[in-house]
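Have a look at the model first.

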Amino acid sequence: MSNFQLNYCSNPNFPNRYIPYCKLEKFLQENLSDCISLIGTSTQGRNIYMARFGSGGTKVLAWSQMHGNESNATHAMLDLLESFKYSEGLAEDLWSKIQLDFIFMLNPDGSQVWTRRNALNIDLNRDYNMLSSKEFPYLKNVAENGNYDYALNLHEQRTLFSSDGVHPATLSFLAPAEDVDRTLTDTRKKAMAVISRIVEKMKLEIPSQIARYNDEFYPTSTGDNFTKMGLPTVLYEGGHFPEDYLRKGTRKCFTIALYEGLVAIADLAGSMDGWEKYLEIPENKEDHYDIIYRNVKLDINYPCVLDIAVQYKEQILEGQDEITFVPVVVEVGDCGKKKGWKEVDCRDKKFISKDLFPKLDEVQNFQIL
């Protein structure tokens, strides 16, 4: 276990999964004023900041919360800086080898209200060609003009994914394709080499909870196009952690993986050494729901036994400082091909509801007693 892992510390200023924009801006201005710059403003006028760390020869661009309801990457950068306070020499060594330009909260309007898309309902990660949003062109401009050696595209994925059908995919990685044939170009291999190094280190922390994201080519997405223009891009996806919907465990793993990725970049410096190990990483499986109620007997005028699958919808309520999880019915019938992170056998239990049956795509309207 590395010194960084042993000395990991979460930033105490941001204890919740939800990060209010105003709180982040205040922190950046008060603590990182010597290294942040304003790169633009959002649709609703919020400032978007980029921080620069280090002066090494290998240049890295990274960004967080392109999707507003994916806060782990913002936490990871904040926790990285916090942990460096307790890991003597690690920061100095890393920053002597690389220059990291980190864009905090690219989608501050979506982040403020905990939504994936921006204020105009545009998915910034599918805006590469049309440039319909106000926010995405800032990232594209920085990437095209910054002469970067690597990019880190930092995201989160839903609880639907497992690494092996049993364990959640707490971390998934991808070296995005640059064409429909998914050609293994040198640019991709450089990203694969970095990911292979990260996974080797993270297996010490979560040996069964790491996966590889599907590399289908998306012609409008950021990572695919950055790779196409010759910029090795590493996609991070923070996912579910057992019995931890606030993702504190994921937050720690994401931070360590961010550090290990930067260390790998500093060491590899453009080398493709070890890229083949990337192909050994198991691919994500979309095979889980949050809850499955098995063998539910409905009190209707014919024998009816079925499964009910429930997913939590995340939302931030006005006046709250943490997200709320609302159970929504997403499948009714035979869920035999799926698993639940929580499963309830209702064979000897009673379905209690003011309605005769569960309603699809609506908030859970029943109890099992």
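How many disulfides does the structure hold? It holds 0, counting a disulfide as a pair of cysteine sulfur atoms within 2.5 Å. This is a predicted model, where local features need pLDDT of at least 70, side-chain atom pairs count only at pLDDT 80 or more, and totals for chains, interfaces and linings use all residues. Residues are numbered from 1 along each chain as its sequence is written, and side-chain values use heavy atoms, with hydrogens and water left out.

Take C9: its sulfur sits 16 Å from the closest cysteine sulfur, in C253, which is too far for a bond. C9 is partly exposed, at 25% relative accessible area, while C22 is exposed at 53% (buried is under 20%, exposed over 50%, partly exposed in between, with a 1.4 Å probe and protein chains only).

C253 also turns up in α9, among the residues that meet α7. Here is how two helices pack on α9 (axes are lines fitted to C-alpha atoms over the stretch in contact, and angles run from 0 to 180 degrees between N-to-C directions).

| Helix | Residues | Angle to α9 | Axis separation |
|---|---|---|---|
| α3 | 72-84 | about 70° | 8 Å |
| α7 | 186-202 | about 130° | 8 Å |

So α3 is roughly perpendicular to α9, and α7 and α9 are oblique to each other (under 35 degrees is roughly parallel, over 145 roughly antiparallel, 65 to 115 roughly perpendicular, the rest oblique). On the α3 side, the residues meeting α9 include M77, L80 and F84, with contact meaning heavy atoms within 4.5 Å.

Definitions and conventions. Helix = DSSP H or I, 4+ residues; strand = E, 2+ residues; numbered from the N terminus.
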